[in-house]
Amino acid sequence: MMRLEYDPTADGIYIYFNRKRRSFRTKKFPCKHSVILVDYDKEDNPIGVEILGTRAGIDLAGLPREEEIVALLQAHGFKVLASH
């Protein structure tokens, strides 16, 4: 089950896709308004997403599990700018 943690001081979100905590690699996704980093395990499965700079809104186009992330963010009151 996905879980969200928000740090208002850093204006950052981390979304956990599962209980795995150890990432093998991190990929940065292009975004105008924020920094988005996706962590992957050794089998190249996404295990979490870090989003920095959420106040201006978040563009999630192209992220793994995008629809689930949009629903989770909107349920917590975050502004999602674009989603396909």
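Is Asp 11 buried or exposed? Asp 11 is buried, with a relative accessible area of 7%. The legends below describe close-up views of a predicted model.

View 1. Strands of a sheet pair through backbone hydrogen bonds, in either a parallel or an antiparallel manner.

**View 2. Strand 3 pairs with strand 4.** Strand 4 covers residues 35–40, and its antiparallel pairing with strand 3 runs over five bridges. Within this view, Phe 29 is opposite Ile 36, a residue of strand 4.

**View 3. His 76 lies in the loop between helix 1 and strand 7 (80–82).** The residue is partly exposed, and its relative accessible area is 47%. The His 76 side chain reaches the backbone oxygen of Leu 72 at 3.0 Å. His 76 and Leu 4 are separated by 72 residues in sequence, while their C-alpha atoms are 8.8 Å apart in space.

**View 4. Ser 34 occupies the loop between strand 3 and strand 4.** Its relative accessibility is 9%; the cut-off for buried is under 20%, so Ser 34 counts as buried. Leaving aside residues up to four places away in sequence, Ser 34 touches Ile 51, Leu 52, Gly 53 and Gly 57.

**View 5. Arg 55 and Asp 11 meet in a salt bridge.** Across the whole structure, a search finds four salt bridges. In this one, the N to O distance between the two side chains is 3.8 Å. Arg 55 is in the loop between strand 5 and strand 6 (58–59), and Asp 11 is in the loop between strand 1 and strand 2, so the pair ties together parts that are 44 residues apart in sequence. Arg 55 is exposed at a relative accessible area of 61%, whereas Asp 11 is buried at 7%.

**View 6. Arg 25 and Asp 44 form a salt bridge through their side chains.** The distance from N to O is 2.8 Å. Arg 25 belongs to strand 3 and Asp 44 to the loop between strand 4 and strand 5, so this pair ties together parts that are 19 residues apart in sequence. Arg 25 counts as partly exposed at 34% relative accessibility, and Asp 44 counts as partly exposed at 41%.

**View 7. Glu 68 and Arg 65 are joined by a salt bridge.** Their side chains meet at 3.0 Å, N to O. Glu 68 is partly exposed, with a relative accessible area of 40%. Arg 65 also counts as partly exposed, at 32% relative accessibility.

Notes:
Residues numbered from 1 in each chain as written. Predicted model: local features only at pLDDT ≥ 70, side-chain atom pairs only at ≥ 80, totals over all residues. Heavy atoms only, no water. Pairing = 2+ DSSP bridges. Helix = DSSP H or I, 4+ residues; strand = E, 2+ residues; numbered from the N terminus. Buried < 20%, exposed > 50% of the residue type's maximum accessible area, 1.4 Å probe, protein only. Polar contact = N/O pair within 3.5 Å; in protein donor to acceptor, adjacent residues only side chain to side chain. Contact = heavy atoms within 4.5 Å.
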